[in-house]
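The following exercises are to be worked with the sequence and the model at hand. Each task is followed by a solution in steps.

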Amino acid sequence: MDVLQPNELYEIVGQCTSQSSNVFSMRINLLLNNIGLLQDDFALYDLIAHGCVQAIPVIKVWILSGPDYRKNVHFLDETISKSYVEQNCEQIVTELLPAVLEVAETESKSRYMSDWSSKGALVTAERQIVQFIQFALNQLAEKEPKHFFQCVSLWTHIESPIKQELFLHAMEYLPLDSSDEVLQWLLSDFDRNAFEETGIEKNQLSCSQRIIQRFSPYCSETTFIKLEQTLMHWSPPVEEMRATYQYRMRCHKAEGGGNYYNSFWGDLQSILLSALFPDRTAKTTKELIEVLKRKFPESSHKFDIFRIGMAHYVSSPIEGHLDRISDKSWLRIISNMSEYPPERNGERRNSGIESTPPMFARSLSTAAKKEPVRFAALSLSFPQNVSEEFVDAVVNALDSSEVPLPLTCKVLRRFCQKPSAQLDISFSHVLSKRATEDWPTDILQKLIEIVDCYKDSEPEFYSFDLHKKSDKLSCEDLLQGSINCVRGCAFEAIGELLWNQTNLAFQFEKVVKRAVEDENPAILFAVMDCAVPWYNIDKAFSKILFDQLLERDLRTLGARQAFDLLYRFYEIDSKFYTSKLKNACQSSINDLKKRAAEMIAVMIVTNHWTVENLMELPLNDQQADAICRQAVIYFNNDDSHACCKRLLLHLADCSTKLPSLSLLFINERIQVQRDKNFLMKLLKKSTKNRLEVDILHYLKENDINSIDCADVLLAVCKSFLDSPENNFGYHMEDIISCVARLFHAGKENPSILRTCLDIWDAIYHRSPLSVQPLSDLLEQG
């Protein structure tokens, strides 16, 4: 043992789950002293999944080891986490909570710059730990309220950004007879305790709002009055109010600056006072609530938890009163704002109100979407020097079919003669959304002019990687470029019109022919939106367009619906399309290679290609898995079932990474009685795709006749034994469970009993200590 490295030693002892054995103690000591063993492994997950209390000190060491060690560690999912917490709640709170609070404080540069704070959809290891601790605190609050309050008081001195999130959410689980204690804790340091800034709540006060709503009906009269008075008279800290006032002054003095408003008082009251139990609130409180409803007709954004960076919500002063503004007032606002100096830039704003053209234009857009007919008519009275932002707000609302076509055309004719890029995009968007309507010739001609005359950005600017040259752009880069550039949007509109009105093909034929010669690959991508609907109009011309696009840039094969044309034209010119697919499959563009592999897979399962054709192509793991996924999708199709089996067996031979194989065992694609021989062949392949684990889990979790799967179960056991990886012990319980079902189902069948004995022998040769449960079972039989 002394000559082995920690990772080599762990491979030997890592299977042991018997918590009373010396080998298991060695396993824990190795993890505690070599925390790197958790990297890229399921070591921690396995300990928790087996309910080992010894996992708690390992988690603690892992937390204290720093953020680099938390990467790539497989932590537990929510179901297993909750199960583990139920067994070890108090130990988790006692040993892990102080460590988590202190580490979160140390590693947080600010409350908004830390992996310990929620970042919306991004789930970090740190957030999984917070969730783990939250489960434990919630359970402690629910089952041991006194102990929970002792913990809260014990860690009052610790400053940590996540402390309020953990404590506030746990308070919601306390019983109603703890109402006084909960609200008194909230009031003991209201400026800190009431605000949560790190979780997934929309608002810093959301949790406090629910706590007040839940407990205020049941607390004592004294506590209720104190809470009510605190909320009535609360105001932000003096420093915050002073900073807000100074910012207002700077905005007023700035050259060209507009008026910026931020409420000094009332935001918190508008959120929390209404949460008080109404039968107990004083008359003055109820009157104040009505005043606040008028002041804040929509929910206040002042206490929103900002997600990415320090983004803030800013609106115009009219945002909450749009339905009360007359046409005359709108025209006055638009006229005044169109003469407004350039918007100031570079200053960070708190949530508030800003009277600048962009803010009023956003309000106009909101109003126009609600009443498109009214604002379409109103736009015809806009002043000659109207700001483009206001025009675009109205044009965007014209995509509603409520606006009569003649009125829509009048607005477009007035404002889209010499528009900007944004107005051109909005113009195309309107036609695309209303492609079934009979647009007049001059409007359609405007669409053609956009395609012919506008000069879009160079294609390199379509990628976030500004150093990527045009020929290195991926299919995804070109797709994003095509749907976000002016001409790309125009071609999308032409495509929609062709889908709905085939009689327009003649008008667009010349401009589409010219576009095929364009040097911009994103435009070629967009032209595919026209080639596909043209199939229903003129198949020959559709094929010409499609073939030319493939010749100009092979990446167009990754465009939306390109495969629809490939599939339909393949038999007409199979040699040409086979060549293009093979070239795409060996391209240097990764997503094109994957897309081509998916297309080849479909061609195989639909009998256009053969598996032998595929064997000629060098495939990387990503391509092999893409083909595997398609084979799994078609696996239960009667016409392609046999082909899919051959394809999967070939892939298992040539690739060691096929995660999509696991999908075979979802939605009953595999039928053991039908596919028994296939599964046994698949298990013999030299693949490391965890197939044994998937089959074993499938046999254990599904109600399958055990006798039908006897040979498969034996093959699984042999596959585990033949594997060079020493992972047999991880799945011993599942194996024993399946063997037990098999043994009971086949007691009267000598062949089944012989299979059980074969499995017993297989387990004994690898892990003698693990066969005792099976020995007991066989002896009882």
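A residue is called buried at under 20% relative accessible area, exposed at over 50%, and partly exposed in between (1.4 Å probe, protein chains only). The model is predicted, so local features need pLDDT of at least 70 and side-chain atom pairs count only at pLDDT 80 or more, while totals for chains, interfaces and linings use all residues. Residues are numbered from 1 along each chain as its sequence is written, and side-chain values use heavy atoms, with hydrogens and water left out.

**Exercise 1. Cysteines**

Determine whether Cys207 is buried or exposed, do likewise for Cys453, and state how many disulfides there are.

Step 1. Cys207 has a relative accessible area of 0% and is therefore buried.

Step 2. Cys453, with a relative accessible area of 55%, is exposed.

Step 3. A disulfide is a pair of cysteine sulfur atoms within 2.5 Å. By this rule the count is zero.

**Exercise 2. Salt bridges**

State how many salt bridges the structure holds, and locate the partners of the one between Arg210 and Glu172.

Step 1. A salt bridge requires a side-chain nitrogen of Lys or Arg within 4 Å of a carboxyl oxygen of Asp or Glu. The structure holds 27 of them.

Step 2. In the bridge between Arg210 and Glu172, the closest N and O atoms are 2.9 Å apart. Arg210 belongs to helix H11 (residues 206–215), whereas Glu172 is in the loop between helix H8 (163–171) and helix H9 (179–188); the pair links distant parts of the chain, 38 residues apart. Helices (H or I, at least four residues) are DSSP runs, numbered from the N terminus.

Step 3. Arg210 is partly exposed at 31% relative accessibility, and Glu172 is partly exposed at 21%.

**Exercise 3. Two further pairs**

Describe where the partners lie in the salt bridges Lys293–Glu290 and Arg413–Asp442.

Step 1. Lys293 and Glu290 form a salt bridge at 3.6 Å, N to O. Both residues lie in helix H15 (residues 283–295), three residues apart, about one turn of the helix.

Step 2. Lys293 is partly exposed at 49%, as is Glu290 at 40%.

Step 3. For Arg413 and Asp442 the N to O distance is 2.6 Å. Arg413 lies in helix H20 (residues 405–415) and Asp442 in helix H22 (residues 441–453), so the bridge ties together parts that are 29 residues apart in sequence.

**Exercise 4. Helix H8**

State how many residues of H8 are buried and which helices they pack against.

Step 1. H8 is mostly covered, with nine of its nine residues buried; among them are Lys163, Glu165, Phe167 and His169.

Step 2. The buried residues pack against helix H5 (78–107), helix H6 (125–143), helix H7 (145–154), H9, helix H10 (190–193) and H11.

Notes:
Helices (H or I, at least four residues) and strands (E, at least two) are DSSP runs, numbered from the N terminus. Contact means heavy atoms within 4.5 Å.
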